[in-house]
Structure formats: C-alpha cells, structure tokens
Amino acid sequence: MSRYQEDDEYVADEYEMEDIDDNMDYEINGRDIGSDSDGDEYDYASNRLQDTSAAEARRGKDIQGIPWERLSTTREKYRQTRLEQYKNYENIPQSGQGSEKVCKVTNKTGMFYDFRQNSRSVRSKILHFQLRNLVWATSKHDVYFMSHFSVFHWSSLKQKKTDVLNVYGHVAPSEKHPGSILEGFTQTQVSTIAVKDNLLVVGGFKGELICKYLDRPGVSYCSRTTYDENAITNALDIYTTPSGAVRFTASNNDCGIREFDMERFQMTKHFRFPWPVNHTSISPDGKPLVVVGDNPEGMLVDSRSGKTVASLQGHLDFSFASAWHPDGQTFATGNQDKTCRVWDIRNMSESVTALKGNIGAIRSIHYSSDGRFMAMAEPTDFVHVFDVKSGYHTEQEIDFFGEISGVSFSPDTESLFIGVWDRTYGGLLELGRRHNNFYYDSLF
C-alpha cells in the first residue's frame, strides 16, 4: 500500500465530504457544518435526537439526517456532482477506465436488507485512506468499531456505546506469554482491527499487534511483527481451523504474512512475498490462502508452505480486499481498478465474473455466513450487496454520503452494519435482513 506520509494531502481530500451548501451555516441544532470537535464525536446526549429510525425514513426523512429541503441543491443533483468530481486513488493510472469493459451488467433492483437506523454518535474514524476494515459485528445487535485511539462496542439494542480498548496511553499485557512484549506500547496509531467471537486484534502503523479477549480484563498479548520502517499492519484475519484452534494472520507492508496461534500466543508461520501484502483470506478448510497487495496479480498459496498454487490475473491495479465464500470453492478480490473479481479454485485461468463499483476502489468485501450475499464496499458513498444465488446478477445498491470505514454482516446474517466517516453526517448505518414475516421484522 501507499506510504502514509506521502499521501497526507490526498487523505484530507478523500476523507472530507465538501459542505453541501456554502450558505448553510448551521444545522437544526445549531452546530457548525463540518464541525469536528470532540464534543460532536463523543457526546451521545447531543446526538440522540438526530439519529434516524426506520419509521422516520419511511416518512421521508433522509437516513443520514441531511435536510435536503433546506438546501439549494437536491439529493439527485449532489449525487451526480459527487460521481463526476470524486477522484479515485490509483497506483496505476487509468486502471479504472480500463476495467469497465469486462464487468458484468447487473440488475440493481434487489432489496435484501432494509434500513433500521442510523446512529450518529457512532463514528468510526479512518486513519489510512486505503485501509477500511474498522467495523466488525459479533451479533445482530453488537458491533465493534475504531474511533481515534479507542475501540468501542456499540449495542444497537441498548443504544449504548462502551470503550473497550484505549490505546492512546500505555497499553501492556496483563498476561505473560513467551514472545509477548511485556513493556507494551504507547500511543499506538491504529491501522486496522479484527473481531471474531470474543477475540479483538488491533494492528498498528509500526507493526504493533495487540490482542484482547473481550470476556477477560486487560490485554492478553502484545507483539510487533517487524521493526522495519515500512511496517504498517494492513489487514488482520481471525479464523478457526478445522480442528478448532483460533488463529489470525497479519498482512504487512514489509511484504510479510504472519500467522499467530491464540491458544499458545505464538507466531507459527512467516511467509514473505515480492511486494507489500495488503490483505489475506484463508479458505474455510484452512488450506488455500488468498494473498493480494501492491501488484495487479494476486496469488493463491498453500497456507502450510507458502508456495504459490495459482496466480490471479485480471486486475489492473493494486488490491486491498479479499474474502472466501463459505463453500470454499470461490473467493473474491477487490481492487483499485474499481472492480471486484470472483474466482473459482476449480478453474484459475481467469475470474468467473467482474463486478464494477460506481465511484472508486473496492476497499472491503464480505460474504454472509450462509453464502447467500456478498457485500462490496467502495471507499465512499456506495455499498453493494449481491445475491450470490443469482450468479451475482442481482444487487442492492446502498447509497449515502461519506467515507466508508468498514462493513460487516452479523454472524447470523440478520444485520448489516456500515461505518460512515464524515465530519457532520457520519454515523453507523444498520440494516436488517428482509423476511416475509414483516411483523417479526418490526419487533427488531
């Protein structure tokens, strides 16, 4: 991935949603448009009445609370302006234009998840514009997200936000394990997180790894993948092996992938590749491993030996996302060429299909646990939910305004959470899976 320091100017440009109307100085509650004070970020009481419920959305309220009726432009006109003016970041020039001709034409009439609520007090802030895995759901009501120097838990059922891990000060392990850095870390700048079941893993810009079990006090394990200058942790993947062992892989900018065993708290594998690794995903059977990074070609490798099984040829830029379908036969990769490609391990000569984004790179991909849906997130404004059963022909396009910090299905597939970072209209979008039993849906 791109070096953080070299892209500071671009980061500012990409994060900020421009003021919708220069003449609109205040919102209904009197806050300055574009305000980014700590009070706006964390004062739940002041934001509570600004949240949007499903009932309000059905009555015509904008799901983000944007008062279009008071503005000098319409939502449709502003959407068109965003599509025309947004600058997609590319490492290989014109990669987005070159990929369009091979993409599947989809039916965008799908309605798989209905809007439930937007919680504006829940804002997950992005620290690197290319890394967007900062939101993780552990149940249909529980989600974890990163904001500034803290990992928070949000209960949509209780409407309560709790600070789970604050890394601004000194963080040190409360347990002793071989290889753990007992002195810990101070002011860790977080690049990515992962949460699965009761395990939280935090990755830092200097290769830091902090592991915490959510049902235990304190931090269990601290490690550092490398002291290399280019050490940022780009992605984390927590998984359970077929034998039941809990492990995770860390993908780093030093061209390495490292596997850690969370029962023994030890690094068990270390593979090196020719280019910085931006994301990895291991198959459900624990054998093939998808590796993508700062190269248009990705790799399918043997997770035991690190040897290449097949190359992934078709993308035109660098990739930052990957995910396996639960069947273990197919997987998807997301690229800065604005496409997601789906691959079948039974025929790796080319991808099965290519799916196109609207505005920018595909930064995050997730399959629902039942394999029915795939969520594909762009850097801003759009999340696409594809019906896998239809061969990815039908999709639901979720349209809003703001940078996307992460997207996550709940393990039971009942909820879909989308983190939106914007100084004024950021929040956590929650959608619920559509069922025929509408009375049952209304209870949740």
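Predicted model: local features only at pLDDT ≥ 70, side-chain atom pairs only at ≥ 80, totals over all residues.
Q: Which residue lies over the face of Tyr213, and at what distance from the ring centre?
A: A charge sits over a ring if CZ of Arg is within 6 Å of the ring centre and within 35 degrees of the ring normal. The residue over the face of Tyr213 is Arg216, and its distance from the ring centre is 4.2 Å.

Q: Over the ring of which residue does the charged end of Arg363 sit?
A: Here again an arginine is placed over an aromatic ring. The charged end of Arg363 is 5.0 Å from the centre of that ring. The ring is that of Phe320.

Q: Is the aromatic pair of Tyr78 and Phe401 stacked, edge-to-face or tilted?
A: The count comes to 17 aromatic pairs. One of them is formed by Tyr78 and Phe401, with 5.2 Å centre to centre and 55 degrees between the planes. Planes under 30 degrees apart count as stacked and those over 60 as edge-to-face, so 55 degrees falls under the remaining class. The pair is tilted.

Q: How many residues apart are Tyr78 and Phe401, which link distant parts of the chain?
A: Tyr78 is in helix H5, residues 75-85, and Phe401 is in strand S28, residues 395-409. Both Tyr78 and Phe401 are buried.

Q: Is the aromatic pair of Phe331 and Trp343 stacked or tilted?
A: The centres of the two rings, Phe331 and Trp343, are 6.4 Å apart. The angle between their planes is 15 degrees. Since planes under 30 degrees apart count as stacked, the pair of Phe331 and Trp343 is stacked.

Q: Which strands does the pair of Phe331 and Trp343 tie together?
A: The two residues are 12 residues apart in sequence. Phe331 is buried, with a relative accessibility of 0%, and Trp343 is buried with a relative accessible area of 0%. Phe331 lies in residues 330-335 and Trp343 in residues 339-344, so the strands tied together are S22 and S23.

Q: What is the bridge partner of Met299 in S20?
A: Strand S19 covers residues 295-302. S19 and S20 pair in the antiparallel sense over four bridges. In S20, the partner of Met299 is Ser311.

Q: Is Asn278 buried or exposed?
A: Asn278 is placed in strand S17. Buried means under 20% relative accessible area. At 1% relative accessibility, Asn278 therefore counts as buried.

Q: With the side chain of which residue does the side chain of Asn278 make a polar contact?
A: Leaving out residues up to four places away in sequence, Asn278 touches several residues, among them Met1, Asn234, Ser251 and Phe320. A polar contact needs a pair of N or O atoms within 3.5 Å. The side chain of Asn278 makes such a contact, at 3.3 Å, with the side chain of Asn234.

Q: Which residue stands opposite Val195 in S10?
A: S9 and strand S10 (residues 199-204) pair in the antiparallel sense over six bridges. Both strands belong to an open sheet with the order S9-S10-S11-S12. In S10, the residue opposite Val195 is Leu200.

Q: Is Ser364 buried or exposed?
A: Ser364 is found in strand S25, residues 364-367. Its side chain makes a polar contact with the side chain of His366, at 3.4 Å. With a relative accessibility of 1%, Ser364 counts as buried.

Q: What is the phi of Thr413, about?
A: Thr413 lies in the loop between S28 and strand S29 (415-421). Thr413 is buried, with a relative accessible area of 4%. Thr413 is not a glycine, although its phi is positive, at about 70 degrees.

Terms used: Residues numbered from 1 in each chain as written. Heavy atoms only, no water. Buried < 20%, exposed > 50% of the residue type's maximum accessible area, 1.4 Å probe, protein only. Polar contact = N/O pair within 3.5 Å; in protein donor to acceptor, adjacent residues only side chain to side chain. Phe/Tyr/Trp six-rings, centres within 6.5 Å; stacked < 30°, edge-to-face > 60°. Pairing = 2+ DSSP bridges. Contact = heavy atoms within 4.5 Å.
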